[in-house]
Amino acid sequence: MKNIHLHEKNQDTLTPKPEDTTVNRILAIIKYLNEETDPDTHIVPQRIADELKFCYGWNITRKTIAEYLKQMCSQDFNFGLECDSYKGNIKKYTYKRTFSFEQLSLLSDIICSSMFLDDDTAEELLENIRSLTSIDRSYELAGTNHYIRPRVPNKDSMHNIRIIHEAINRGLKIKYYYAGINKKKQLYYHKRTSSSTVLYKCFPYDNGAFTEKEYPIEKNSTLGKPVTVSPYKLLWDNSRCYLVCGLEEESGVKVFNCRVDRMFEIQIIHNSSLKKSAKIDKPRGSIFYDPVSESVDAQKYLHSVFKMYPSKDGRVIKAKFRVKNYFIKVIVERFGFEVEQIPDKDDSDYFIFEALVQPTKTFFGWLACYKTHEVKLIEPPELVKEYRDYLSDILDGYE
């Protein structure tokens, strides 16, 4: 929706003008301040009087406007108006907004670059942000067309985050359906409708409507059943929002992550009908569990996973690397400033460090970006063998 200046909205002579009352005057001044002023410009009472005369036909003196502004500067009301005196009794007014323009610009950039919001939701949020500054400056804020981002058309992403936060705060599990992408580039998921039938739901990436198709399945099939997890933390990585959660298995609670924009029909489990509790399962046996805070160490988890693809079997391995000193920036950016550097006793140009990693193709892909004299995996032997086999498979495909 295009923003329109105050005087442009009231040029229609057929539109009834509001009555000239004290309340309406104050409301009109507030409207003027919100739409026509910025923190770095001074407010001129005569200009406000002229604007109200033009828009509403009210005859208000400059002194009356100045008196209104003086009252609005009172700390009791906190309108955001500030008054400075100079040259005796002459007053200078400025309107300090809750957010500076730089802060609004940052929020706009974050929303525009986000990949987990659908286009309509992103545009609605941007419109709300634009309303927090003047109309003229609102055009300087970024729009969705400033960033070319592939977006998942899940209009429930914002709702998902609210539900997840509520579940985390209340210490309760959630259940949801997780969507995949089919050959036609359609998002889809299965939902059980009975013990012998399942509903196939899908929609395209161009914000098209859901299509549904029901078909039979074997009675013992797990297809179409919702995923039940213990939500721990929400993480933001690569312009996407992820949930770090726990899945109860026979061997314990497996910690993994999933994309919030791929989750559908999220529900908080209040009273479990199963034998298991609806309360969150704490992953006490996990290497990511912090016994002090009794929660998952999200930073440790984030450093172990590459491009947010966790290992399918939940494996986490302590790996040892030999790195040339010059490449410390690569290691810090990937594993954080907490990395402990151990000088290589055989060569002062290198250092050794250890880190928890999840052995996935994305980890091997990251490691393959560097030559062995730059960043080299040296331990444990079984992980080194896995990496060699990974590289061999790739090379074999190019023979």
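Q: In which helix do Glu-35 and Lys-31 both lie?
A: In this predicted model, Glu-35 and Lys-31 are 4 residues apart, which is about one turn of the helix. Their side chains form a salt bridge, with the closest N and O atoms 3.2 Å apart. The element that holds both residues, spanning residues 22–36, is helix 2.

Q: How many residues apart are Glu-294 and Lys-282?
A: The side chains of Glu-294 and Lys-282 meet in a salt bridge of 3.2 Å, N to O. This pair links distant parts of the chain, with Glu-294 in the loop between strand 12 (289–290) and strand 13 (295–296), and Lys-282 in the loop between strand 11 (263–268) and strand 12; their separation is 12 residues.

Q: Which helix gives the most to the nonpolar patch?
A: The patch on the surface is formed by Phe-99, Leu-106, Leu-107, Ile-110, Leu-132 and Trp-236, which together have about 520 Å² of accessible area. Leu-107, which is partly exposed with a relative accessible area of 34%, has its place in helix 5. With 3 residues, the element that gives the most is helix 5.

Q: What is the volume of the largest cavity?
A: A search of the whole structure finds 1 cavity of 30 Å³ or more. Among the residues that line the largest cavity are Asp-38, Arg-97, Phe-99 and Arg-137, and by class its lining has 4 nonpolar, 2 polar and 3 charged residues. The volume of the largest cavity is about 40 Å³.

Q: Which element gives the largest share of the lining of the second largest pocket?
A: The second largest pocket has a volume of about 540 Å³. The elements that give two or more residues to its lining are strand 9 (240–249), strand 10 (252–259) and helix 11 (361–367). The largest share, 4 residues, comes from strand 10.

Conventions. Residues numbered from 1 in each chain as written. Predicted model: local features only at pLDDT ≥ 70, side-chain atom pairs only at ≥ 80, totals over all residues. Heavy atoms only, no water. Patch = residues over 30% accessible without salt bridge, like charges linked within 9 Å, V, L, I, M, F, W, Y side chains within 5 Å. Areas by Shrake-Rupley, 256 points an atom, 1.4 Å probe, with all protein chains shown as cover. Salt bridge = Lys/Arg side-chain N within 4 Å of Asp/Glu carboxyl O. Buried < 20%, exposed > 50% of the residue type's maximum accessible area, 1.4 Å probe, protein only. 1 Å grid on protein atoms, 1.4 Å probe; cavity = no way out; pocket = protein on both sides within 12 Å on 5 of 7 lines; lining within 4 Å. Points joined across faces, edges and corners; volume = space filled by probe spheres on them. Nonpolar A, V, L, I, M, F, W, Y, C, P; charged D, E, K, R; others polar.
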